[in-house]
Amino acid sequence: MKKIINDPANVVAESLRGLAAAHADILRVQYDPDVVIRAGAPVAGKVAVISGGGSGHEPLHGGFVGPGMLAAAVPGAVFTSPTPDAVQAAVTATTGDAGALLIVKNYTGDVLNFETAAELAAAEGLEVRSVVIDDDVAVKDSTYTAGRRGVGGTVLLEKITGAAAERGDSLDAVTALAQKVIGQVRSIGVALTAPTVPHAGTPSFDLDENEIEFGIGIHGEPGRERIPAEPADALVARMVEAVVSDLPFASGDRVLLFTNSMGGTPLVELYLAHGIAERLLADRGIVVERRLVGPYITSLEMQGMSLTLLKLDDELTGLWDAPVNTAALRWGL
């Protein structure tokens, strides 16, 4: 497959150089180990919210570094967890007296490496907490996880906890808020095609022209089932049912609806699907108060989409609306 790259071994480093050049006003990149750091970090008296994971999911996580969101992001190789020393470097570079919260997607490598980094940081005298997000309703266990995977809800979690840290909440308060979000967010994803990892050069799995993988993860992991291709109305209805029935969400609930492209799905299709999802939720009496539509947690060039629902209250809505200034999310400035 053709890609706009040079040496596959240097894809992440070269991409980070471009990120740093494009957004020097809000972030800087430290190399070897690779860490994306908010300009001006650490910020005195404020919790550092830090996340990371394998590359290939851009703009997650580096695209969310900046005021109102992440203090740092730690990119691993494509679809590969960052190493503990890289996570530790991010903690050391951004953590002051208020401490740090690590947001970890529930993948085995991420959980182990972030846990090790937290222990190393604690040995330096830094106060560090961790939360693990597992919002994917598709499976209990997968190729990469024990338990559910962390997927689209990660974006919402990073925004809301970042806003809480920005307003000066304590580490205890930011951690409790993170756990609240994790308990109220659910996601499901589908794939029309497989992604191609640069160093592999071939698709991660085979999918016939008339098949859809229902319930995929963000690394091209298998889903809940493989189904015949179907019109958008039927596919989105299947996705909405999977998410709504899991929490479960109920009539009268206020929600944020996040309709996400997996990287290769154009906005014309994504907005079409979003409109269907809004209608189906309204039919159930579920009130969509906030929305996010676009490619925010991707899987390279995979064609497909995910739906994420977060149950809102006044506090969560206010934190979502709070100003943010990152490469991928900017509002309220």
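## Strand pairing and helix packing in a predicted model

Strands β8 (residues 211-214) and β9 (residues 225-228) pair in the antiparallel sense over four bridges. Within this pair, E213 stands opposite R226 in β9. The structure described here is a predicted model.

β8 also pairs with β7, again in the antiparallel sense, over two bridges. In that pairing, A191 stands opposite E213 in β8.

Strand β7 (residues 185-191) runs antiparallel to β12 and is joined to β12 by seven bridges. Strand β10 (residues 254-261) likewise runs antiparallel to β12, with seven bridges joining the two. L309 in β12 is the bridge partner of R186 and also of L257. Strand β12 itself (residues 304-311) is mostly covered, with seven of its eight residues buried.

The pairings with a stated number of bridges are listed below.

| Strand pair | Sense | Bridges |
|---|---|---|
| β8 and β9 | antiparallel | four |
| β7 and β8 | antiparallel | two |
| β7 and β12 | antiparallel | seven |
| β10 and β12 | antiparallel | seven |
| β3 and β5 | parallel | four |

A further sheet is open and consists of six strands in the order β1-β2-β4-β3-β5-β6, with mixed pairing. β1 (27-30) and β6 (128-133) stand at its edges, and because each has a single partner strand, one side of each is left without a neighbour in the sheet. From one strand to the next, the twist averages 20°. Inside this order, strand β3 (residues 48-55) and strand β5 (residues 100-105) run parallel and are joined by four bridges. The bridge partner of S51 is I103 in β5.

Two helices lie across β3, β5 and β6. Helix α3 runs at about 165° to β5, while helix α5 (residues 171-183) runs at about 5° to β6.

Helix α3 (residues 108-123) also packs with helix α2 (residues 84-94): their axes come within 8 Å and cross at roughly 50°. That angle makes α2 oblique to α3. The crossing of the two helices is right-handed. On the α2 side, the contact involves P84, V87, Q88 and V91, which meet N113, F114, T116, A117, L120 and A121 in α3. These contact residues divide into seven nonpolar, three polar and no charged.

Definitions and conventions. Residues are numbered from 1 along each chain as its sequence is written. This is a predicted model: local features need pLDDT of at least 70, side-chain atom pairs count only at pLDDT 80 or more; totals for chains, interfaces and linings use all residues. Side-chain values use heavy atoms; hydrogens and water are left out. Buried means under 20% relative accessible area, exposed over 50%, partly exposed in between (1.4 Å probe, protein chains only). Two strands pair if DSSP finds at least two bridges between them. Axes are lines fitted to C-alpha atoms, for helices over the stretch in contact, and angles run from 0 to 180 degrees between N-to-C directions. Angles under 35 degrees count as roughly parallel, over 145 as roughly antiparallel, 65 to 115 as roughly perpendicular and the rest as oblique. A crossing is left-handed if the near helix is turned anticlockwise from the far one by less than a right angle, and right-handed if clockwise. Contact means heavy atoms within 4.5 Å. Ala, Val, Leu, Ile, Met, Phe, Trp, Tyr, Cys and Pro count as nonpolar, Asp, Glu, Lys and Arg as charged, and the others, Gly among them, as polar.
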